[in-house]
Amino acid sequence: MSQANNYDVCVVGSGPGGYVCAIKCAQLGLKTVIVEKEKMGGVCLNVGCIPSKAMISAAQFLHRAQHDASDMGIEIQGDIVVNLPKLKKWKDSVCDRMSMGVNQLLKGNKVDIIIGEADFFSEQEVEVKSSKGKEKIKAKNIVIATGSRPIEIPGFKIDEKSVLSSTGALDLEQLPKKMITIGGGYIGLEISTYLCKLGVEVEVLEAGPAMLSGVVDKDCVKVIERKLKKLGVKVHLNAFAKSVSKKGKSTEVVAEIKGKKETLIADKVLLTVGRKANSDQMNFKKAKVNIDSNGFIAIDKQCRTSNNKIFAIGDIAGQPMLAHKASHEGVLVAEVIHGANRVYDVKGVPAVIFTDPEIASMGMTEEECKQAGYEKLKVGKFPFAANGKAVSLMETDGFIKIIADHKTNVILGVHIVGPEASNLISEAALAVEMGATLEDLALTIHPHPTLGEAMMEAAEATLGHAIHMINRPIR
Ligand code: NAI
């Protein structure tokens with residue numbers, strides 16, 4: 001075993017939490033090392049957000065060519081063929097490019113990189129096992145950014161052959177004829193939508209009474225329900241998947257659908273029933289790092305764990321399990337280690353689901369506003385069908401909904417379902433974070449013709465005087 005190397009900061013895990021933290025630490029002049037057991041960029045960049053976005057964009061391209069192009073006068077002669085090996089190669093090239101970029105950024109900022117698996121050896125040391133053997137790293141501060149992994153449910157074991165996790169689904173060698181997706185949440189719906197567009201028959205089993213339940217505005221979910229139906233995705237609600245078995249080349253799923261036992265057959269099953277923190281790894285006990293009752297590392301407002309010199313960020317440190325929350329915490333921790341008196345203090349974390357159309361939200365839903373004590377609200381909506389850019393894109397499904405305090409007009413929540421919701425939500429994030437009012441949004445000149453105008457008009461609609469729609473009385 002080699003001698004311990006001394007650092008100011010050792011970051012474990014190179015996802016959007018870890019790599020951002022390491023770069024910021026180095027920028028602040030701290031001697032920093034990052035340890036990663038797989039590829040740079042973590043789940044998000046290699047087997048999560050980025051490859052799924054690549055597959056979604058390719059499937060959308062195909063779908064629009066097949067369904068919208070001829071309406072626009074673009075006649076495609078003959079069949080459009082999906083070359084899956086080529087698509088997979090392109091998707092991999094997108095991930096590799098991003099992963100190499102992270103590597104270069106770390107090196108360019110003089111962060112030392114170690115490829116290997118880290119475990120706590122003591123409160124200030126990690127031991128890294130790699131192909132070169134074992135090495136100890138000593139650091140004044142250690143940042144844990146080791147993320148989460150998919151969960152399994154009783155009766156289902158992910159083998160990435162018949163029962164796939166998102167990782168397996170994103171890396172298929174061949175398209176199955178039929179896929180059963182278990183879980184109508186973020187991942188299940190994103191993957192089901194693009195698989196369906198690529199020609200796979202998809203059936204979704206969701207245990208709850210609604211898809212995306214509890215996390216998304218109910219009106220937004222209705223738009224997705226309609227679109228999934230149009231695409232041909234069959235969704236069963238109140239459908240508990242119970243077990244899976246192999247029957248020859250097929251895979252059989254037994255489920256209780258609305259209280260009745262049913263058997264469904266498919267080529268493959270996709271299990272997307274949530275993720276859990278990787279808090280059972282790395283010997284946290286040895287470092288006196290406590291885990292909370294939900295399995296996350298317990299942290300304070302500075303992302304400090306029960307051990308003063310150890311920090312935790314990203315999925316392992318609590319909900320929401322979103323890449324951009326992890327990056328925000330990564331910068332925060334670097335600044336705290338450098339001596340800043342900074343805390344995690346945000347009004348919300350924007351969330352995006354890359355369904356068709358996309359859903360994006362910032363701040364509270366109506367139910368959450370009520371729970372938070374806002375008795376009277378102003379709620380308004382502006383439909384994309386009344387926005388010129390959306391009409392010219394032929395993407396008119398959906399709306400922007402704004403919820404504001406009735407008395408002060410302060411914006412409490414914005415919920416978008418529609419084209420480019422993922423990009424439009426950033427303006428709402430700024431508005432909610434700054435405590436902006438409806439008038440702030442309505443009186444800001446938005447360029448024409450853009451989807452962004454819908455945000456201004458949604459604010460006007462919430463005030464009761466949008467131009468491009470017939471206004472309803474404010475409720
Ligand atoms: P999820 O928590 O979003 O959804 C899981 C669903 O599975 C729930 O609706 C649940 O009712 C259902 N379920 C559980 N047991 C079941 C059973 N036996 N039969 C049928 N349905 C069952 O989990 P998901 O989709 O795996 O995503 C995990 C997390 O990853 C998300 O919460 C999110 O934080 C993150 N993520 C974020 C993305 C984004 O920002 N675009 C994309 C993908 C993931």
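Which domains does the domain assignment of the chain give? The views below come from a predicted model.

**View 1. Domains of the chain.** The assignment gives domain 1 as residues 2-150 + 276-338. Domain 2 covers 163-273, and domain 3 covers 357-463. Between the C-alpha centres of domain 2 and domain 3 the distance is 30 Å.

**View 2. The interface of domain 2 and domain 3.** On the side of domain 2, 9 residues are in contact with 12 residues of domain 3. The two domains bury about 930 Å² between them, and 66% of this area is on carbon and sulfur atoms. Of the area that domain 2 buries against domain 3, 46% is supplied by D217, C220 and V223, more than by any other three residues.

**View 3. Salt bridges between domain 2 and domain 3.** Across this interface there are 3 salt bridges. In a close-up of D219, this residue forms a salt bridge with K401. The closest N and O atoms of D219 and K401 are 3.0 Å apart.

**View 4. The aromatic pair F120 and F284.** The count of aromatic pairs comes to 1. The pair is formed by F120 and F284, with 6.0 Å from centre to centre. Their planes stand at 55° to each other, and the pair is classed as tilted. F120 belongs to strand β4 (residues 117-122), while F284 is in the loop between β16 (275-277) and β17 (310-312). The two residues are 164 residues apart, and the pair thus links distant parts of the chain. Both F120 and F284 are buried.

**View 5. Lysines over aromatic rings.** Two views show a lysine and a ring. In one, the charged end of K31 sits over the ring of Y7, at 4.5 Å from the ring centre. In the other, K381 lies over the face of F399, and the distance to the ring centre is 4.4 Å.

View 6. D68 is placed in the loop between α3 (49-67) and α4 (84-108). Is D68 buried or exposed? D68 counts as buried because its relative accessibility is 16%, and the cut-off for buried is under 20%. Leaving out residues up to four places away in sequence, D68 touches H63 and M394.

Terms used
Residues are numbered from 1 along each chain as its sequence is written. This is a predicted model: local features need pLDDT of at least 70, side-chain atom pairs count only at pLDDT 80 or more; totals for chains, interfaces and linings use all residues. Side-chain values use heavy atoms; hydrogens and water are left out. Rings of Phe, Tyr and Trp (its six-membered ring) pair if their centres lie within 6.5 Å; planes under 30 degrees apart count as stacked, over 60 as edge-to-face and the rest as tilted. Helices (H or I, at least four residues) and strands (E, at least two) are DSSP runs, numbered from the N terminus. Buried means under 20% relative accessible area, exposed over 50%, partly exposed in between (1.4 Å probe, protein chains only). A charge sits over a ring if NZ of Lys or CZ of Arg is within 6 Å of the ring centre and within 35 degrees of the ring normal. Domain bounds come from an automatic or database domain assignment. Contact means heavy atoms within 4.5 Å. Buried area is the accessible area (1.4 Å probe) that two parts lose on being put together, summed over both. A salt bridge is a side-chain nitrogen of Lys or Arg within 4 Å of a carboxyl oxygen of Asp or Glu.
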